[in-house]
Amino acid sequence: MRYIPQVLSNSDDWSTRHSVLTTARRTAALVNALADDHPDPTNVADVLRDYGEADPIDLTARDIAGMRAAAALLRQVFASEHADDAAATLNRLLKDHTGPLRLTSHGGSTPWHPHLDHDDNAPWDEWLLASSCMALTVLVWDRQRPPGRICASPSCQNVFIAQGSGPERRYCSRRCATRERVAAHRHSRSAEQSSEAK
């Protein structure tokens, strides 16, 4: 699976690059990039860069394996059908895999912001799980519904962040939605033609 970056502003506005919604979108992009049996470290590093992580990003095979395990845990949140399920999953992840909430400025190099990992130099997998849990928790709190979904297209298992107040999205992209509508239309036409032939 090839990672297709979301369009993010190149703005140097730190708070925009590290907002809850951007962090949640980064989570979805990383869960998708790490879903392959053998994720490409370059692809994963590209996702991290696209979402504001600074170079150098040197990911080892061990880093990728740990991040892949974290992504599998996070996928469970996206699989939640109801806010209660998402909250229960997040509560379990927070209890089992994160440290206490703290504020850090990374030694004065960034604005103050919250962290749930155990250390500013935590391994990639711990950082991914902790920062993602925090963002997804805030989205459940804010919206009182699961923060995202797994694409309803059988040929796509990408996760995505659900947004807005309109009808809930079922597909990760317009491409998947269109493909499924076309397939349903063809199936319906085929069924009609079979029934007329009888």
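Colleague: How many helices and strands are there in the protein, and what makes a stretch count as one or the other?

Modeller: The protein has 7 helices and 4 strands, where a helix is a DSSP run of H or I with at least four residues and a strand is a run of E with at least two, each numbered from the N terminus. Read from the N terminus, the elements follow the order α-α-α-α-α-β-β-α-β-β-α. This is a predicted model, in which local features need pLDDT of at least 70 and side-chain atom pairs count only at pLDDT 80 or more, while totals for chains, interfaces and linings use all residues. Residues are numbered from 1 along each chain as its sequence is written, and side-chain values use heavy atoms, with hydrogens and water left out.

Colleague: Which residues of α5 are buried, and what puts them on the same side of the helix?

Modeller: They are Ala83, Ala86, Thr89, Leu90 and Leu93. The arc is taken from the directions that run from the helix axis to the C-beta atoms, and because these residues cover only 130° of it, they lie on the same side of α5. Their cover includes α4 (61-78) and α6 (124-143), whereas the face turned away from the buried side carries the exposed residues Asp84, Asn91 and Lys95.

Colleague: What makes a group of residues a nonpolar core, and which residues have the most contacts inside the largest one?

Modeller: Such a core is a set of buried Ala, Val, Leu, Ile, Met, Phe, Trp, Tyr and Cys residues joined through side-chain atoms within 4.5 Å. The largest has 35 residues, and Leu30, Val44, Leu48, Leu59 and Met67 have the most contacts inside it. The elements α2 (20-33), α3 (41-50), α4, α5, α6 and β4 (159-161) each supply at least two of its residues, the largest share being the 9 residues from α6. Another core, of 7 residues, lies apart from this one and includes Cys156, Tyr171, Cys172 and Ala177.

Colleague: Why is Gln144 called exposed, and why is His106 called only partly exposed?

Modeller: Gln144 has a relative accessible area of 56%, which places it among the exposed residues, whereas the 26% of His106 makes that residue partly exposed. Gln144 lies in the loop between α6 and β3 (148-150), and His106 in the loop between β1 (102-104) and β2 (113-115).

Colleague: What is phi in these two residues, and which peptide bond is cis?

Modeller: Phi is near 50° in His106 and near 55° in Gln144, both positive values in residues other than glycine. The bond from Asp55 to Pro56 is cis, with omega near 0°, and Pro56 lies in the loop between α3 and α4. Most residues other than glycine have a negative phi, and most peptide bonds are trans.

Terms used. Buried means under 20% relative accessible area, exposed over 50%, partly exposed in between (1.4 Å probe, protein chains only). Contact means heavy atoms within 4.5 Å.
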